[in-house]
Structure formats: structure tokens, C-alpha cells
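Subject: Structure for your review

Dear colleague,

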Amino acid sequence: MNEREICRVCGYISDIPIWDDFGDAIIDEDCSCCGVQWGVQDTSLEEIRRRRSIWLENGGGWVWPAIEPEDWDPTEQLVNIPKKFR
Ligand SMILES: [Zn+2]
């Protein structure tokens, strides 16, 4: 698993790298799962944790439900998040 392809808020694994070697966002997109705007709404640990709480309180679903995998469990995806962003 490549840390550069993981959403820091929900643990979603992107098809393409989100982060450069310095931890800055290299694509201007929102997470397909939690909807966070990468590189804008997840720039501090405090903000990452706040966004994650809101996302989970709202059921931990997908902003694009059409691509939500069957039998998907948000808690399983959360383990993808690098320790420093938990
Ligand atoms: Zn996400």
C-alpha cells in the first residue's frame, strides 16, 4: 500500500497518487468516498480528525454511492490511514 495514494480522512485508496514526497496534494480533486477536498480540507491533523468524525457521524458513506463496493465497511478502510494521520 502506497501512502501517497491514501485519503488521510477516510483511508480510501486512490487510483492515482494524491500526495507528493513532501506531503502536498498533487491533484485537485475531492475524495470519491468521504468527499474531502484533498490538499485543502485536510492540511492539519486537527482538521483531518474533525473531517473524519463528521464523516463517520454521518454514517461513513460514499459521496458517490454508485461506486460504493458491495459489503463495504468504513471501519475496514480506516486501517489504511497512515498512523501519523490517525
Ligand atoms: Zn476520503
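The notes below go from the overall chain to individual residues.

Please bear in mind that this is a predicted model.

Overall form

The protein chain contains two helices and zero strands. Its C-alpha trace spans about 35 × 25 × 20 Å along the principal axes. A compact globule of 86 residues would have a radius of gyration near 12 Å, and the protein chain agrees with this because its own value is 12 Å. Of the 86 residues, 22% count as buried. Among the contacts in the protein chain with a separation of 6 or more, 48% are between residues 24 or more positions apart.

The nonpolar core

In soluble globular proteins, nonpolar side chains tend to be buried together. Here the largest nonpolar core has 14 residues. The residues with the most contacts inside this core are C7, V9, C10, C31 and C34. If neighbours within four places in sequence are left aside, C34 is in contact with C7, V9, C10, Y12 and W55.

Helix 1

Helix 1 has 13 residues, which should span 18 Å at 1.5 Å a residue; the end C-alpha atoms are 18 Å apart, so the two values agree. Which residues of helix 1 are buried? They are I48, R51, R52 and W55. These residues cover an arc of only 100° around the axis, and therefore lie on the same side of helix 1. The other side of helix 1 carries the exposed residues E46, S53 and E57. Just after helix 1, G59 takes a positive phi of about 105°.

R52, found in helix 1, is buried because 24 other C-beta atoms lie within 10 Å. R50 also lies in helix 1, but R50 counts as partly exposed because it has 14 C-beta neighbours inside 10 Å. For R50 and V9, the separation is 41 residues in sequence and 8.8 Å in space, C-alpha to C-alpha. Neighbours within four places in sequence aside, R52 is in contact with V9 and C10.

The segment before helix 1

I26 is found in the segment before helix 1. Is I26 buried or partly exposed? I26 counts as partly exposed, because it has 14 C-beta neighbours inside 10 Å. Not counting residues up to four places away in sequence, I26 touches P17, I18, W19 and D20. I26 and E3 are 23 residues apart in sequence, and their C-alpha atoms are 13 Å apart in space.

The loop between the helices

D71 is placed in the loop between helix 1 (45-57) and helix 2 (74-78). This residue counts as exposed because it has 6 C-beta neighbours inside 10 Å. Most residues other than glycine have a negative phi. D71 is not a glycine, yet D71 has a positive phi of about 55°.

With kind regards

Conventions: Residues numbered from 1 in each chain as written. Predicted model: local features only at pLDDT ≥ 70, side-chain atom pairs only at ≥ 80, totals over all residues. Helix = DSSP H or I, 4+ residues; strand = E, 2+ residues; numbered from the N terminus. Rg over C-alpha atoms; globule rule 2.2 N^0.38 Å. Buried ≥ 20, exposed ≤ 12 C-beta atoms within 10 Å, placed from the backbone. Contact = placed C-beta atoms within 7 Å. Core = buried A, V, L, I, M, F, W, Y, C linked by C-beta atoms within 7 Å. Expected span 1.5 Å × (residues − 1). Arc of directions from axis to C-beta.
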